[in-house]
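This report looks at how two chains meet and how one of them is built. The structure comes first, then the details.

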Amino acid sequence: MSNIAELEQIIEVHAAMVRRIASAYERHPDRVDDLAQDVWIAVWQALPRLNDQTMLKSYIARITQNICVTHVRRALVRQTQPLTDTLPDRALPIDEASAHAAQLTRLIEAVRNLPDNLKAVVILYLEEMPIKEIAQALGIGESNASVRLHRAKSALRLSLGDPS
Amino acid sequence: MTSSPQPDPFVALWQTAPKPDTHHLAHDVRRLNQLHQRLNRSILAILCGIAVLLVFEEATGRLASHGILSVAWTLAIVTGVARHRRAQCNRSDALTLDTVNLLKSMIARAQKDLFLARCLYAGVPCGAALGTLVIKLVSAGSAPSATTLHSRLQLIQTGAGIAALIIMIVTGLILARSRSRQVQELSEKLKLIEADL
């Protein structure tokens, strides 16, 4: 994969997903950017190994997840500022947008605080990956992934209530 | 659960996270990759330059090592490049592994490091003590040589040897401590992930 235009296109489509996953593992916005950059370098290098282009999204999600897991293992426990880069949606009125942004920040924080085994499952679920792909990406059984997802969603509901 | 007709409110909310600015990201990635490759090439060029210099020095007779040094240097470069390539491939493979296998590979790597660290802090002093013992035993049977002439040199050598030994032991202890902690933490995570629910 040497074509920069192709990489640009892939980044354009999947950059938001990479950033969302990274922000679930790392609080500091600058480090989230660094993580995203690491992910894209890794994706660029690993992309020629991808045989099935239809699996691109789960491939990138898996790479992001692995890089984030490695990052968390390496990093010291840091008490930093919570994520502050969740800007309000411009399409919404100011009050509604700020309420929405606050809700999103709470969701990210709640996901971040989940235990690792639940966090990994729920992040991929929130990225709209089917349970089969989630199980494959994590190396666990489908029923196992379903149970974890159920537990993770219960934990999220407990700390956030129902966002709808 | 996977393809529910009604969108999950959590998913809907999660998907509304603001899109990052990707305008320069691709070019930054390319630039970083190029810088990394340039650094690798520069290091390789320096190492090759030293190899050429060694060959030249030995060919002109200014270095009386009879070609041994240049051969050893070149072999070290070749081995280093091969190992680097292998490590790159392994890293790339590890990226696309599933989480369980990724953790397993990380545990294996940490255990390997732990073994090396134990070799450093336990193996090296044992080896040094054994070597000293063997030398003493061998030299006890032979006639005393002119070592007294070089007693100062011997003292310096012994001092340097002991200093190197201490550095190795301390490094080994620090490494072993961090690696054993890493192995323990990773094993706990793996146990948690593999736990039968």
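## A crossing at the interface

In this predicted model, H2(A) and H2(B) are roughly perpendicular to each other, because angles of 65 to 115 degrees count as such. Here the packing angle is about 70°. The two axes lie 10 Å apart. On chain A the helix in question, H2, covers residues 29-46.

Which residues make this contact? H2(A) contributes Gln37(A), Trp40(A), Ile41(A) and Trp44(A). H2(B) answers with Leu25(B), Asp28(B), Val29(B), Leu32(B) and Asn33(B). By class, the contact has six nonpolar, two polar and one charged residues.

## The wider interface

## Chain A: overall build

Chain A has seven helices and zero strands. Its pattern along the sequence is α-α-α-α-α-α-α. The chain has 164 residues, and 38% of them count as buried.

Contacts across the sequence are well represented. Among chain A contacts with a separation of 6 or more, 62% join residues 24 or more positions apart.

## An enclosed helix

Helix H5 of chain A spans residues 116-126. Ten of its eleven residues are buried, so the helix is largely enclosed by the rest of the structure. The buried residues are Asn117(A), Leu118(A), Lys119(A), Ala120(A), Val121(A), Val122(A), Ile123(A), Leu124(A), Tyr125(A) and Leu126(A). Both Asn117(A) and Lys119(A) are on that list.

Just after H5(A) comes Glu128(A), with a positive phi of about 65°.

## Nonpolar cores

The largest nonpolar core holds 52 residues. Which of them touch the most other members? They are Val39(A), Val121(A), Val122(A), Leu124(A) and Ile134(A). Val121(A), Val122(A) and Leu124(A) are also among the buried residues of H5(A).

Leaving out residues up to four places away in sequence, Val121(A) touches Ile134(A), Leu138(A), Ala145(A), Arg148(A), Leu149(A) and Ala152(A). Another core, of five residues, lies apart from the largest one. Its members include Leu102(B), Leu103(B), Met106(B) and Leu186(B).

Methods
Residues numbered from 1 in each chain as written. Chains lettered and ligands numbered in written order. Predicted model: local features only at pLDDT ≥ 70, side-chain atom pairs only at ≥ 80, totals over all residues. Axes fitted to C-alpha atoms, helices over the stretch in contact; angles between N-to-C directions. Helix = DSSP H or I, 4+ residues; strand = E, 2+ residues; numbered from the N terminus. Parallel < 35°, antiparallel > 145°, perpendicular 65-115°, else oblique. Contact = placed C-beta atoms within 7 Å. Nonpolar A, V, L, I, M, F, W, Y, C, P; charged D, E, K, R; others polar. Buried ≥ 20, exposed ≤ 12 C-beta atoms within 10 Å, placed from the backbone. Core = buried A, V, L, I, M, F, W, Y, C linked by C-beta atoms within 7 Å.
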